[in-house]
Amino acid sequence: MPGLGNSLSVRRLLTFATGLVECLCFAGAVFGWASLVFILKTDGYFSSQCVNTTYFNATQVLDCSGQDEQFSLVFTIASFMNNFLTLPNGFLFDMFGTTVARLFGIFLYTTGTLMVAFSTAASSNLLFPAVSLLAAGGILFLITNMQVGNLFGSRRSTIITLYNGAFDSSSALFLVIKLLHEAGVSLRSSFLFLSACSVIHLLRTFFLLPRKHIPYPVPDDFTYGITCGKSETLSLEQTTTNGNEQAATEEMPLNKDVTVKQEKSFRECLMSRFFVLQLLWLSIMQLRHYLFIGTLNPMLQRLTAGEPSLVSQYINAFAITQLCGVLCAPWNGLIMDRHKGKPRAPGESEQEADLRASVLSLFLTALQCLLFSVCASIPYLPLQYLTFVLQVLNRSFLYGGNAAFISLAFPSCHFGKLYGLVMALSAVISILQYPCFALVNGPLEGNPLYVNIGLTVLSLLAFIHPLSVFLHCRRLASQRASSTSS
């Protein structure tokens, strides 16, 4: 029926477009923390932590390192919650479906925006739960939107990486709020508007997303939305009873692949070298990014000698570059999918071909992090523009590549658990950003050079993972060659 087909196509395009807007404008807003800190400092949040310090030449200056430390702690906790709660949120999504997970996410996000809206300088401590709730609600928006890629078949990976890039770019939301604040719009008004936008999230939950999950591969007549509950059930039944030919074309390749992959149990996946190295690869680079974002404001204060207009200029530049995340992320997907449609070597499995293609992605991501860390370590103000570009490029590659590698290296039945677990464990490691910040503010007297050098050296460990995958693929290729010759 052409009419029904057109209606389904329009609905799927609307689902994709509104999901992209949701990820781009709301989901990862917490990572625009540097822009929000600028507003919060202007409004006097944690100003009681600033003290007058007398130097040896009897000059008095206002020391706000205690204020910076509080802001860093707020971001440390929020970024930890963003990752650590991916595990329980993933289980919530798997067990109860899209609607329940999104309603919970909307509740968390709205509560967070309302708490920021009604906070004041006198109640600065409200930022601790508020920003954490924004992070937890935002990651649920991303988790429930990534399944939309299932609706588009061969473009599935591109859409998933695009959504991850949009999540990164949404950190520019706080730049918009900062610019509005400079134009006279209060912080309260901006966050009340964000709270009101929850109505849009609710409408999308009921009308443009399924109650449970979007299957993959998607049946031809699959429909979803609050008005299509009966139709969705019928289409699934029709697909089940439609004849052996369709079942053979849609299910046989998938089942064949799953049979091979399901030989590994969840415990075996967890104890595998790939999982451990993937965790190390993600955790090192994520720690570098979180420490950079959490300390960007005090770093710029030091490099500009506290000149407010210059600090504002560089924070705006940083936030604007974050918008490019949505453009950078699909590049990684193209790198990982570059072998699709090409003939494989005799005896080479699809998983082995995918792993071989992932080596370049893993290596480039580690190389980007190294270059970003080197630039961030050099205390030269104009160089920070390049640092911002490398940071957003690396971050957009990091998270999309993480999800893609887990999906191709392990059985699909364990994806949710492994993805949630690697994010949760990396969140525990990311807590190290706070003692690093305390070290800079304390013994190092505000100079982060030695910490930056240490993190740059640490980032070299990320190259172990692509090397390990490369050696694994080469070993499999040599085994194939020896078996063929014999």
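What follows is a short chat about a predicted model of one protein chain.

Me: What does the secondary structure of the chain come to?
Reply: The model is predicted, and its chain has 21 helices and two strands.

Me: How much of the chain counts as buried?
Reply: 52% of the 486 residues.

Me: And what share of the contacts with a separation of 6 or more is between residues 24 or more positions apart?
Reply: Such pairs make up 80% of those contacts.

Me: Take helix α5. Does the length or the burial come first? What should its 20 residues span?
Reply: Length, then. At 1.5 Å a residue, α5 (residues 127-146) should span 28 Å, and its end C-alpha atoms are 29 Å apart, which agrees.

Me: How many residues of α5 are buried?
Reply: 18 of the 20, so α5 is largely enclosed by the rest of the structure.

Me: Switching to S170. Where is it found?
Reply: S170 sits in the loop between α6 (156-169) and α7 (173-182).

Me: Is S170 buried or exposed?
Reply: Buried, because its relative accessible area is 0%, and the cut-off for buried is under 20%.

Me: What does its side chain reach?
Reply: The side chain of S170 reaches the backbone oxygen of F167, at 2.6 Å. Leaving aside neighbours within four places in sequence, S170 is also in contact with C23, L24, C25, F26, A27, G28 and A29.

Me: Now cavities. How many are there of 30 Å³ or more?
Reply: Three. The largest cavity holds about 90 Å³ of space.

Me: Which residues line the largest one?
Reply: The lining includes F167, the residue whose backbone oxygen S170 reaches. Also among the lining residues are F31, N82, D168, R395 and Y419. By class, the lining has seven nonpolar, two polar and two charged residues.

Me: Which helix gives the largest share of that lining?
Reply: α6, with three residues. α5, α17 (384-409) and α18 (415-430) each supply at least two.

Me: And what is the volume of the second largest cavity?
Reply: About 70 Å³. α2 (33-42), α3 and α13 each give two or more residues to its lining, and α13 has the largest share, five residues.

Me: Last one, the second largest pocket. How much space lies in it?
Reply: About 780 Å³. Of its 28 lining residues, the closest to the centre are D68, P298, R302, N441 and G446.

Key:
Residues are numbered from 1 along each chain as its sequence is written. Side-chain values use heavy atoms; hydrogens and water are left out. Helices (H or I, at least four residues) and strands (E, at least two) are DSSP runs, numbered from the N terminus. Buried means under 20% relative accessible area, exposed over 50%, partly exposed in between (1.4 Å probe, protein chains only). A polar contact is a pair of N or O atoms within 3.5 Å; within protein, one must be able to donate a hydrogen and the other to accept it, and residues adjacent in sequence count only if both atoms are side-chain atoms. Contact means heavy atoms within 4.5 Å. The expected span of a helix is 1.5 Å times one less than its number of residues. On a 1 Å grid over the protein atoms alone, a cavity is a set of points where a 1.4 Å probe fits but cannot get out, and a pocket is an open set with protein on both sides within 12 Å along at least five of seven lines; lining residues have an atom within 4 Å of a point. Grid points are joined across faces, edges and corners, and a volume is the space filled by probe spheres set on the points. Ala, Val, Leu, Ile, Met, Phe, Trp, Tyr, Cys and Pro count as nonpolar, Asp, Glu, Lys and Arg as charged, and the others, Gly among them, as polar.
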